[in-house]
Amino acid sequence: MDEIYHRLQIIPIADSLVHEGIVEKWVDQIASNVKDQGIMKNPVIVCRKNPYYIVLDGMHRFAALKKLGVRDILACMVDYFSPKIVLEGWDAFLFQPLDLPLLLKELFPEKSGYHYSRVENLAEAKKRVLSRKSLLAVGDTNGSVFALEKKNLDSNELVEELCVANDRIDRILSERDVKVVYTDNSLTLDNFSVSGAQSVVLRPQFTKEEVLARTLHKKIFPPKSTRHLIPERPLRVDLNLSLLMTDIDLKTKNKLLQDHLKWCYENNRVRFYPESVYIFAD
């Protein structure tokens, strides 16, 4: 139990880097909720990579608090390269019919070095995307599956191109107001046929090394590029927003945080639930 208390810290927003993009309307909603409630319920998840804190999970929460003018933020520190921290990805279910070949031609003209090919099925397309033979793949309920490729990329160019391709398709879907539901990429093949979606985008999965390297170069991944599985994640710490906003030193703030955590423990407010949970709003 003591470990979780030491992992919870108040850190400066100015010394923190986010690794992934955000959706502005989600930020506005969270900012409004936080302002109304006057508390930060759940810490963001970070790792330390001197001189920065890298925000691994809680990008929208972080952006919302920054928008509110908060100078420091509640964080839970993790050892990123612990085998307990698992990095996966998201695929996207689309709920409007789309002409997939036409969409790919529009977004990725062959004169720019892209080309796409028909793939036998989604399972084969998933293999191609995860092995990085393809930048992404799209499929529909009629069984049409296409993969997007770009040859002769070195490792750095490949990561950049993966981000460009996925950001480009995300933007066009947003512009066309296509309903998108992101899904755990390990469950995509099982769930697509029963999801009610018209089509699916199979997206790449990145490594921890790539996350850190790109973030430290102050580049960000497209929204929903990474899915971090964090064991023993602390929730409902419920720290008063005024403490995060006030102009006092971090040592004092963290002493007050520890006092708050001690009070929670002494008043039987701490629970550990080993089973899975569903959270419908954060």
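Start at the second largest pocket, whose lining has 13 nonpolar, 2 polar and 8 charged residues. The model on your screen is a predicted one.

**Stop 1**

Select Val23, Asp170, Ser174, Tyr182 and Pro223. Of the 23 residues that line the second largest pocket, these are the closest to its centre. The volume of this pocket is about 660 Å³.

**Stop 2: the elements around the pocket**

Next, colour residues 24–37, 155–175 and 180–184, which are α2, α6 and β12. Each of these elements gives at least two residues to the lining of the second largest pocket. Which element supplies the largest share of that lining? It is α6, with 7 residues.

**Stop 3: the cysteines**

A disulfide is a covalent bond joining the sulfur atoms of two cysteines.

Select Cys47 and Cys76 together. The closest cysteine sulfur to that of Cys47 is in Cys76, and because the two are 12 Å apart, they are too far from each other for a bond. The cut-off for a disulfide is a pair of sulfur atoms within 2.5 Å.

Move on to Cys163. This residue is in no disulfide either, and the cysteine sulfur nearest to its own, that of Cys47, lies 17 Å away.

**Stop 4: buried or exposed?**

Cys47 has 4% relative accessibility, so it counts as buried. Cys163, at 2% relative accessibility, also counts as buried. The cut-off for buried is under 20%.

Methods. Residues are numbered from 1 along each chain as its sequence is written. This is a predicted model: local features need pLDDT of at least 70, side-chain atom pairs count only at pLDDT 80 or more; totals for chains, interfaces and linings use all residues. Side-chain values use heavy atoms; hydrogens and water are left out. On a 1 Å grid over the protein atoms alone, a cavity is a set of points where a 1.4 Å probe fits but cannot get out, and a pocket is an open set with protein on both sides within 12 Å along at least five of seven lines; lining residues have an atom within 4 Å of a point. Grid points are joined across faces, edges and corners, and a volume is the space filled by probe spheres set on the points. Helices (H or I, at least four residues) and strands (E, at least two) are DSSP runs, numbered from the N terminus. Ala, Val, Leu, Ile, Met, Phe, Trp, Tyr, Cys and Pro count as nonpolar, Asp, Glu, Lys and Arg as charged, and the others, Gly among them, as polar. Buried means under 20% relative accessible area, exposed over 50%, partly exposed in between (1.4 Å probe, protein chains only).
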